[in-house]
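Here is a short tour of one model, meant to be read with the structure open beside you. Take your time and turn the view as you go.

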Amino acid sequence: MMDPFVTFCLRMGDNALILAQRTGEWCGHAPALEEDIAFANMGLDLIGQTQLWLKLGGEAEGKGRSADDLAFLRTERQFTNCQLVEQPNVDFAHALMRQYLFDAWHLPMLDGLTQSSDERVRAVSAKVIKEVRYHIDRSRDLVIGLGDGTDESRARMQGALDELWPFTADLLASDEIDDDLTARGVIPDPAPVIEAFNAETAATFAAATLTVPHTGLTRTGGRNGIHTEHMGFILAEMQYLQRTYPGVSW
Amino acid sequence: MSTEWPLWEVFIRGQHGLSHRHVGSLHAPDAEMAIRNARDVYTRRNEGLSIWVVPSVEITASSPEEAGQLFEPSESKIYRHPTFFEIPKEVGAM
């Protein structure tokens with residue numbers, strides 16, 4: 001087992017990195033210029049967050065790996081992001097729902113992390129939480145606006161929710177690594193984070209006239225390196241330059 | 001799609017003590033989203049401390065055809081400019 005603290009940093013950083021990669025795909029393609037810029041901004045926020053978490057993870061690991069090394073030179077099974085963030089954009093509804101579900105977990109998680117017993121974690125999360133407060137205000141408003149919108153927008157939002165909801169299990173999962181960190185006060189107890197996620201999503205989906213599917217289906221494994229078929233393609237595109245021209249910089 | 005959203009005029013205050021300045025316009029479904037869009041479109045390089053948005057249809061503009069009667073009469077009235085006073089050095093920048 002890897003060092004729990006390093007694993008935690010990689011999980012936080014990988015979530016931000018892979019979601020940033022997906023978010024960045026909208027650049028030049030979003031349905032309106034304003035959304036295009038907003039999504040690109042959010043992607044850049046997430047890249048900044050990636051740098052903070054992966055830098056911290058690399059330093060804690062002590063093997064001299066930089067944030068760039070960790071982002072560009074690990075293989076699929078070594079990435080620990082949840083499966084939700086690697087799901088494809090499909091349409092604006094999917095991208096937005098993915099963002100909202102992630103934000104709904106990210107905010108209470110960061111809120112807990114600002115109380116961490118580890119000073120470095122407190123510093124990173126205090127910086128990051130300001131960005132994420134804005135992200136969720138934006139994604140929540142759009143989920144409500146489009147859910148409680150036209151027949152077309154509502155159907156698309158419901159379709160996205162049906163498809164993505166099973167992946168929230170991965171977002172909310174915890175294992176012995178988390179237990180160890182929770183016991184040491186480094187990360188928050190998962191129960192209040194899950195409770196906040198449930199309260200947030202219940203209120204928003206009620207306002208958006210959307211229904212959470214009750215299929216009981218869950219998809220997990222991303223946090224331990226088990227990914228969906230989409231992950232390899234993301235890495236192929238993201239890592240292409242460093243793999244083809246090792247050590248290149250500009 | 002964006003053309004279905006109403007147009008908003010955006011005013012940003014860059015620093016404390018300065019007034020809001022018109023920086024441009026954007027489309028948004030409502031005032032709240034207009035503020036958010038303005039934040040993303042016009043303040044991402046740290047330009048702003050405060051944002052106003054106003055529906056463009058609420059702005060009443062002077063007509064270019066009336067420019068003559070509105071503005072030309074003041075061209076020949078240089079005595080309305082405070083250029084005939086010596087400002088004491090001690091006053092500093094005004």
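A:Val248 is partly exposed, with a relative accessible area of 31%; partly exposed lies between buried (under 20%) and exposed (over 50%), using a 1.4 Å probe and protein chains only. You will find A:Val248 in the segment after helix H11 (231-244) of chain A. Together with A:Tyr240, A:Leu241, A:Tyr245 and A:Trp250, A:Val248 makes a nonpolar surface patch of about 610 Å². Such patches take residues with over 30% relative accessible area and no salt bridge, nonpolar side chains (Val, Leu, Ile, Met, Phe, Trp, Tyr) being joined within 5 Å and like charges within 9 Å. A salt bridge is a side-chain nitrogen of Lys or Arg within 4 Å of a carboxyl oxygen of Asp or Glu, and accessible areas come from the Shrake-Rupley method with a 1.4 Å probe.

A word on the ground rules. This is a predicted model, where local features need pLDDT of at least 70 and side-chain atom pairs count only at pLDDT 80 or more, while totals for chains, interfaces and linings use all residues. Residues are numbered from 1 along each chain as its sequence is written, chains are lettered from A and ligands numbered from 1 in the order written, and side-chain values use heavy atoms, without hydrogens and water.

Now for the fold. Chain A has 11 helices and 0 strands, taken as DSSP runs (H or I, at least four residues; E, at least two) numbered from the N terminus. The radius of gyration of chain A is 18 Å, close to the 18 Å from the globule rule for 250 residues, so the chain is as compact as a globular protein of that length. That radius is taken over C-alpha atoms, and the rule is 2.2 Å times the number of residues to the power 0.38. Buried residues make up 55% of the 250.

Inside, which residues touch the most other members of the largest nonpolar core? They are A:Phe8, A:Met97 and A:Phe205, in a core of 81 residues. Helix H5 (residues 92-113) gives the largest share, 14 residues. A core joins buried Ala, Val, Leu, Ile, Met, Phe, Trp, Tyr and Cys through side-chain atoms within 4.5 Å. Beyond four places in sequence, the contacts (heavy atoms within 4.5 Å) of A:Phe205 include A:Met97, A:Trp165 and A:Val212.

| Residue | Phi | Relative accessible area |
|---|---|---|
| A:Val90 | near 55° | 58%, exposed |
| A:Thr209 | about 55° | 32%, partly exposed |

Most residues other than glycine have a negative phi.
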